Every structure is written in C-alpha cells, then in structure tokens.
Amino acid sequence: MARVLTVTLNPALDLTVQLPALRLGEVNRSDNLQVHAAGKGLNVAQVLADLGHQLTVTGFLGEANAQPFEQLFAARGFADEFVRVAGETRSNIKLAEADGRITDINGPGLEVGAAQRDELLARLERLVPGHELVVVAGSLPRGVDSHWFVEMLNTLKALGARLALDTSGAALREGLAAKPWLIKPNEEELAEARGRQLVDPQALGREAWRLQVEGVEHVVVSQGAEGVSWFSPAAAWHAQPPKVRVVSTVGAGDSLLAGMLHGLLAGWPAERTLAHATAIAAQAVGQVGFGITDRAQLAKLEAAVRLQPLSQ
C-alpha cells in the first residue's frame, strides 16, 4: 500500500451532540455526546489507514489540548509531524438531529505565527519525498492567509508531490492555480470558487472540463444525497448512493475522498473506484466518527451503488 502524507492546517475537537430535534431558544436534552480528534485531513487519514495505507500527519496543533490528538495518532499508528502552536486547538460543535439534519458551530482556530509557518514548510520539504501522495484538506487557521497557502501548495508541487486538495472559499479559489492532481469540492464550493452558477449537470461538466484544461486531472464533486460526479482524464461518471439512515453527515466527504484516493492509488478501474468510494461515504453518514466499521455492510452498499457515464 501507499505512503500518504495528510496536511491539516486547522484541526478540531469535534463535539457531536445527538438529540431528537433542536428547539431554538429552549433547553434541549441530548441523547448522546461524542468527542473526536478531527479535521478534514485527519478524517481522510483514518479511512486511508483502514484501507491499509501508511499515514504521516502534519499541520498545526495546539499545545494546550494536544492529548486527544496524540492518543488518536498512537492508536492509529500515524507518524506525528504536527507543528505545535501555543494555545488550544479549536472545538467544533455538531448538533445532529434524529432526522439527519446537522447544525455546525465551528471555532476560529489557532493563531499561527511566522515561526510555526516556517517550521511546517521545513517539515514538508523533509517529508514529501518519502510519500506517494499528499492530501491537503480543511480550512485555514488565523495567521494563515490564502497567499501563504498557495505558496505552500506550490512548494509541495515543486517537491514532486501528487497533490489532492479539499478546501473551500478563497483557499480553493486561489489554490486551483497550483494545479493540484485532484480536487474534491461540493457543488456549492466549486460554484463559489469559480464564480459561476452550476445549475445542471451540463454546466458542471463544462466547468470540470475547464479545470482539466487548466491542469487539474481529477475533479470529484460531492452532491450530498444526489451522489458524486467524477471527471477524470479518461471519462466522466456519476454515482448514486443507496438510501441509508442518516445519523451524521460529518466526515462523509472526507470518507469519499479517501475512497477515491485508495482506488486511484491501487490502479483500480474507474467504475470500481467510484462505487467503492461512494459506498464508504454512504456508510459514513450512518455513524458518528470516522473510519470503516463494517466490511460486510460496506460490500452490500457498494453493490447497491448505481453508476452512469456522463458527457462533458
């Protein structure tokens, strides 16, 4: 299996509160509360580890509450290359209602200084040559602007990294100039980044084609319950997931990304890659937390995924 480096600049402790229904302005009683060391890159890393890959994880991590993350790294066998920063890693609150609706309340993130930014770049220069793939995922903390972010992406490309990018807003809009090998926005994130309305599959296909002309080989667009569209150099496909009971959508897109990367790293045919990744995402929405929990269920979900080719 492959050696993969994930970069999570703005990790978080996810506090997922499960409750029957959220009543605004009233006292709400929860059914369950779970706390996970998380962040998009770390979520991807956990699924890739379940798929057999070797993971190195890096980014910025608060010194004051690093223990839950360090416990995760030890339990998962991740090589810990996070740069420690003074203060606490942020907390994100996820309110998960019984009907599947999720309300996110995300913290602002650490304040990262120039010394920590330089330290991360130095670590990347050391780490990248030993890995087949680099995944950069998630939002930017305070002290990291999109200009520095693009410089980091260009450094990764200059080091020869095959780069997968999953972010949004200015980071995605400007990060596209680095010509990542693969991107995985959702429809809204892609439309915002490109300044165009993607009102139908044809508009989405045209935008994916433009991105490929600009140098992005793989455009993977998650579409929630409507599935996922994948535009590769060879073909374009849409996958419709099976219907499942939604417990939490947190991490579903990260699980999809990990599944796509696994299939591509393994050299699988496009249909198998997309069906497997879609099934992993479908399993993810039926649980709280990250990772592949039931292989038999995953196989059934994969068999129920419907694929159809797309025209570009």
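Student: By class, how many residues in the lining of the second largest pocket are charged?
Tutor: Happy to start there, keeping in mind that this is a predicted model. The lining of the second largest pocket has six nonpolar and seven polar residues. Its charged residues number two.

Student: Which element gives the largest share of the lining of the second largest pocket?
Tutor: This pocket holds about 190 Å³ of space. Among its 15 lining residues, Asp200, Pro201, Gln202, Ser229 and Leu310 lie nearest the centre. Two elements, strand 13 (228-231) and helix 7, each supply at least two residues of that lining. The largest share, four residues, comes from helix 7.

Student: And which residues lie closest to the centre of the largest pocket?
Tutor: Let's begin with its volume, which is about 1,300 Å³. The lining has 50 residues, and the ones closest to the centre are Thr249, Val250, Gly251, Ala252 and Gly253.

Student: Which element contributes the largest share of the lining of the largest pocket?
Tutor: Several elements give two or more residues, including strand 2 (12-19), strand 7 (91-97), strand 8 (102-106) and helix 8 (252-266). Helix 1, helix 6 and helix 9 are also on that list. The largest share is four residues, and these come from helix 8.

Student: How many nonpolar residues line the second largest cavity?
Tutor: This cavity holds about 30 Å³ of space. Among the residues that line it are Val7, Leu9, Gly138, Ser139 and Phe149. The lining has two polar and no charged residues, while its nonpolar residues number six.

Student: Is Thr6 buried or exposed?
Tutor: Thr6 lies in strand 1 (residues 3-8). Leaving aside residues up to four places away in sequence, Thr6 touches Gly41, Ala45, Leu55, Thr56, Val57, Thr58 and Val135. The relative accessible area of Thr6 is 0%, and buried means under 20%, so Thr6 is buried.

Student: Now the charged pairs: how many residues apart in sequence are the parts that Asp50 and Arg76 tie together?
Tutor: Side chains of opposite charge can pair when their charged atoms come close. The side chains of Asp50 and Arg76 meet in a salt bridge, 2.6 Å from N to O. Asp50 sits in helix 1 (residues 40-50) and Arg76 in helix 2 (residues 67-76), so the parts tied together by this pair are apart in sequence by 26 residues.

Student: Which residues join Glu207 in one network of salt bridges?
Tutor: Glu207 is buried, at 0% relative accessibility. Its side chain meets that of Arg196 in a salt bridge (2.9 Å, N to O). This pair links helix 7 (residues 201-214) to the loop between helix 6 (187-194) and helix 7. Through salt bridges that share partners, Glu207 is joined into one network with Arg194, Arg196, Arg210 and Glu214.

Student: Last one: how many salt bridges does a search of the whole structure find?
Tutor: One further example is Glu26 with Arg23, whose closest N and O atoms are 3.0 Å apart. Arg23 is partly exposed, with a relative accessible area of 40%. Over the whole structure, the number of salt bridges found is 17.

How values were computed. Residues numbered from 1 in each chain as written. Predicted model: local features only at pLDDT ≥ 70, side-chain atom pairs only at ≥ 80, totals over all residues. Heavy atoms only, no water. Salt bridge = Lys/Arg side-chain N within 4 Å of Asp/Glu carboxyl O. Buried < 20%, exposed > 50% of the residue type's maximum accessible area, 1.4 Å probe, protein only. Contact = heavy atoms within 4.5 Å. 1 Å grid on protein atoms, 1.4 Å probe; cavity = no way out; pocket = protein on both sides within 12 Å on 5 of 7 lines; lining within 4 Å. Points joined across faces, edges and corners; volume = space filled by probe spheres on them. Nonpolar A, V, L, I, M, F, W, Y, C, P; charged D, E, K, R; others polar.
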